[in-house]
Amino acid sequence: MEDSQPSKRRKPSPSASDELVCPITLELPFDPVTAEDGRVYERSAILKHFDAKKRERKPLRSPVTNELIGRRIFDAIQTKNLIRILIDSGNIDDELADNWKEKERKKMELEKLMKDAEGGDKDAMYELGSLYQHGERGLSKDSTLAYKWYQKSADHGNIVGMGNAGCNLMKGIGVKQDQGYGISLMSMAAGEGHDLSCFELGFCFHRGVCGLPINRSQAIHWLKKGFSDECRYKHASASQKDKSLLLLQTLQSNSESDSDADSDSDSDSDSDSD
């Protein structure tokens, strides 16, 4: 009697997939390399392992065998081709295959983003700068490239990129410090409704830095605007908002105290004249 149940796709034995899985990430490597221990790793994972041992000033050992190894790695192109063939033929565990396909999808999206940025898309320029700033979607953190793309996006009219480029210039992050130009860009971005630029201007007026005078009323003005509906571009982090709100409340409280003190002084003067 034939089995009435639908046939299931046969998978290879677990050892077949195990030979391809990175021992560090426990996933199929999307950018596989072979280390001196003969094992295949995800490039970013083994490099992170090397860097960690260097920081700890410990001998470099294989994550698998614990034997001493060097830092040399070699592209494992045949391994990547094999993984692709096995995935396409359905001979890799579904979860492992799905994770690998997701990495491929993100890589294609990143390549499109880079192409759009190179082609003059101001929003793609800003997004690419943000990815370099935070080291996301497979890109390493690079403050120089982050500033480069923020500035390009600003030149093409992206308001958030303008504010971020100004902040980097003001603080000398990824570019030679230029507080004057940085404040200029941030002021334009704040005027267009970029909340983070408003908050940064508020702090500058409070401290009297970057060529701006200490001016409490201006500090309050820009901090308040950052929280108002006038700001269409909401990109400040929760911690930045918390710090800005605390400063705003402090400055407003001090202003009220000064006003009360002035009123009392005026009353005393009136009494003396009587």
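Three bridges join β1 to β3, and these two strands run antiparallel. Strands pair when DSSP finds at least two bridges between them. Helices (H or I, at least four residues) and strands (E, at least two) are DSSP runs, numbered from the N terminus. The model is predicted: local features need pLDDT of at least 70, side-chain atom pairs count only at pLDDT 80 or more, and totals for chains, interfaces and linings use all residues. Residues are numbered from 1 along each chain as its sequence is written, and side-chain values use heavy atoms, leaving out hydrogens and water.

**The strands**

The hairpin of β1 and β2 has four residues between the strands. In that hairpin, Gly38 takes a positive phi near 85 degrees.

**The chain as a whole**

The protein chain holds eleven helices and three strands. Along the sequence, the pattern reads α-β-β-α-β-α-α-α-α-α-α-α-α-α. Of the 274 residues, 35% are buried. Buried means under 20% relative accessible area, exposed means over 50%, and partly exposed lies in between (1.4 Å probe, protein chains only). The accessible surface comes to about 16700 Å². Carbon and sulfur atoms account for 48% of that surface. Areas come from the Shrake-Rupley method with a 1.4 Å probe; for residues, only the protein chains shown count as cover. Take the contacts (heavy atoms within 4.5 Å) between residues at least 6 apart in sequence: 50% of them join residues at least 24 apart.

**Helix α2**

Helix α2 covers residues 43-55, 13 residues in total. From its first C-alpha to its last it reaches 19 Å, close to the 18 Å expected at 1.5 Å a residue. That expected span is 1.5 Å times one less than the number of residues. Its buried residues are Ala45, Ile46, His49, Phe50 and Ala52. Seen down the axis of α2, they fall within an arc of 160 degrees, so they line one face of the helix. The arc is that of the directions from the helix axis to the C-beta atoms. What covers these buried residues includes β1 (32-35), β2 (40-42) and β3 (73-75). On the other side of α2, Ser44, Lys48, Lys54 and Arg55 are exposed. Just after the helix, Arg57 takes a positive phi of about 55 degrees.

**Two residues up close**

Asn158 is found in the loop between α6 (143-155) and α7 (159-171). It counts as buried, at 8% relative accessibility. Leaving aside neighbours within four places in sequence, Asn158 is in contact with Lys122, Asp123, Tyr126 and Ser153.

Lys171 has its place in helix α7. It is partly exposed, with a relative accessible area of 43%. Not counting residues up to four places away, Lys171 touches Gln177 and Glu200. Its C-alpha atom is separated by 9.3 Å from that of Cys210, 39 residues apart along the chain.

The table lists side-chain distances for both residues. A polar contact is a pair of N or O atoms within 3.5 Å; within protein, one must be able to donate a hydrogen and the other to accept it, and residues adjacent in sequence count only if both atoms are side-chain atoms.

| Side chain of | Reaches | Distance |
|---|---|---|
| Asn158 | Asp123 side chain | 2.9 Å |
| Asn158 | Val160 backbone nitrogen | 3.2 Å |
| Lys171 | Glu200 side chain | 3.3 Å |
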